[in-house]
Amino acid sequence: MAPETLTIAVDVGGTKIAAGLVDHAGRLVHRAQLPTPDGDGEAVWAVVEKLLAEAMRIADGRATAVGVASAGPIDLPNGTVSPINIVEWQDFPIVERIAGATRLPVRLGGDGLCMALGEQWCGAGRDAQFLLGMVVSTGVGGGLVLDGAPYDGRTGNAGHVGHVVVDPDGGELCTCGGHGCVETIASGPSMVRWARRHGWDGTDAKALGDAANHGDELAVKTFDRGARAVAAMIASVGAVCDLDLVVIGGGVAKSGALLFDPLRAALADYAGLDFLRGLRVVPAELGGDAGLVGAAALVRA
């Protein structure tokens with residue numbers, strides 16, 4: 001019997017870079033990660049190259065392709081990435097570099113899309129055909145699976161739902177250059193800034209969640225405000241894409257009922273169309289592995 005083939009998966013982010021080996025059933029049979037270094041772009045590439053070499057050694061000839069999840073923006077036609085949180089990489093030719101290092105075919109996708117694909121293959125979105133996968137954390141990101149297939153868009157950046165405008169009248173300036181994006185209301189740092197402006201004296205999103213769980217009225221109000229912003233965005237994207245499922249992961253989503261209870265209540269208000277009434281919103285299941293599993297799923301798509 002021939003040995004089972006494996007897919008090398010790489011997940012590039014501003015905080016960490018991970019690589020793994022994924023089998024035909026979506027199981028991670030090897031996983032390793034290193035911090036994303038500061039410095040020039042070649043220092044970042046050196047970390048990717050080291051993780052790739054380890055994965056190739058462990059695969060021992062069984063690896064047939066590489067799937068790559070990267071923070072964006074990405075340029076799918078040109079195989080390059082320009083992550084906002086890795087300033088040293090602008091138009092970095094990641095597909096060409098990885099193909100050269102591994103001598104294998106390479107498929108690139110945005111990290112939000114890969115999260116959605118991972119959850120659809122092996123997580124909370126198993127077999128969903130019209131899925132939005134979201135991460136609500138330091139930022140708000142997302143990816144779309146439509147008619148069972150990953151939807152990249154023209155450049156590979158479809159699904160950037162964090163930049164759906166939910167506060168068009170005087171909304172805060174967003175890092176994208178626009179105003180009133182859902183990320184300016186619902187991301188962890190945005191919620192902390194709003195709470196502190198209104199008298200809360202804590203320091204971070206975890207402390208804000210702890211305060212809300214202990215009944216702090218301002219902290220609860222902050223989560224409700226963020227949840228309503230996310231619900232408004234989901235209703236809009238759901239109406240455009242005719243979704244059947246939304247899967248939410250990330251640090252803020254780990255707050256559980258603090259986010260999901262007001263979100264579902266607000267969604268019932270915003271999603272008035274009959275075809276949206278069955279739209280479900282559920283927590284992600286794969287955690288930090290979703291990007292790697294989804295990167296491998298790119299090769300299957």
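The structure is a predicted model, in which local features need pLDDT of at least 70 and side-chain atom pairs count only at pLDDT 80 or more, while totals for chains, interfaces and linings use all residues. Residues are numbered from 1 along each chain as its sequence is written, and side-chain values use heavy atoms, with hydrogens and water left out. Helices (H or I, at least four residues) and strands (E, at least two) are DSSP runs, numbered from the N terminus.

**Helices α7 and α8**

- Helix α7 (residues 217-241) packs with helix α8 (residues 257-270) at an angle of about 45 degrees, their axes being 8 Å apart; axes here are lines fitted to C-alpha atoms, for helices over the stretch in contact, and angles run from 0 to 180 degrees between N-to-C directions.
- That angle makes α7 oblique to α8, where under 35 degrees counts as roughly parallel, over 145 as roughly antiparallel, 65 to 115 as roughly perpendicular and the rest as oblique.
- In the contact (heavy atoms within 4.5 Å), residues of α7 including Phe 223, Arg 228 and Ile 234 meet residues of α8 including Leu 259, Pro 262 and Tyr 270.
- The residues of the contact of α7 with α8 divide into 14 nonpolar, no polar and 3 charged, with Ala, Val, Leu, Ile, Met, Phe, Trp, Tyr, Cys and Pro counted as nonpolar, Asp, Glu, Lys and Arg as charged, and the others, Gly among them, as polar.

**Salt bridges**

- The count comes to 10 salt bridges, each being a side-chain nitrogen of Lys or Arg within 4 Å of a carboxyl oxygen of Asp or Glu.
- Asp 23 and Arg 27 meet through their side chains in a salt bridge of 2.9 Å, N to O; Asp 23 is buried at a relative accessible area of 4%, whereas Arg 27 is partly exposed at 48%, given that buried means under 20% relative accessible area, exposed over 50% and partly exposed in between (1.4 Å probe, protein chains only).
- A salt bridge also joins Asp 152 to Arg 107, with the closest N and O atoms 3.5 Å apart. Because Asp 152 lies in the loop between β10 (149-151) and α4 (183-186) and Arg 107 in strand β7 (residues 106-110), the pair ties together parts that are 45 residues apart in sequence.
- Within that pair, Asp 152 is buried at 13% relative accessible area, while Arg 107 is partly exposed at 26%.
- Arg 277 and Asp 274 form a salt bridge whose closest N and O atoms are 3.6 Å apart, and both residues are exposed.

**Two residue neighbourhoods**

- Thr 7, in strand β1 (residues 6-12), is buried at 13% relative accessibility and, not counting residues up to four places away in sequence, touches residues including Leu 21, Ala 65 and Val 299.
- Val 165 lies in the loop between β10 and α4 and is partly exposed at 44% relative accessible area; not counting residues up to four places away in sequence, Val 165 touches His 179, Gly 180 and Cys 181.

**Backbone features**

- Most residues other than glycine have a negative phi, and most peptide bonds are trans.
- The peptide bond from Gly 72 to Pro 73 is cis, with omega near 10 degrees, and Pro 73 lies in the loop between β4 (63-70) and β5 (74-75).
- Asp 60, which is not a glycine, has a positive phi of about 55 degrees; Asp 60 sits in the loop between α1 (41-59) and β4 and is exposed at 64% relative accessibility.
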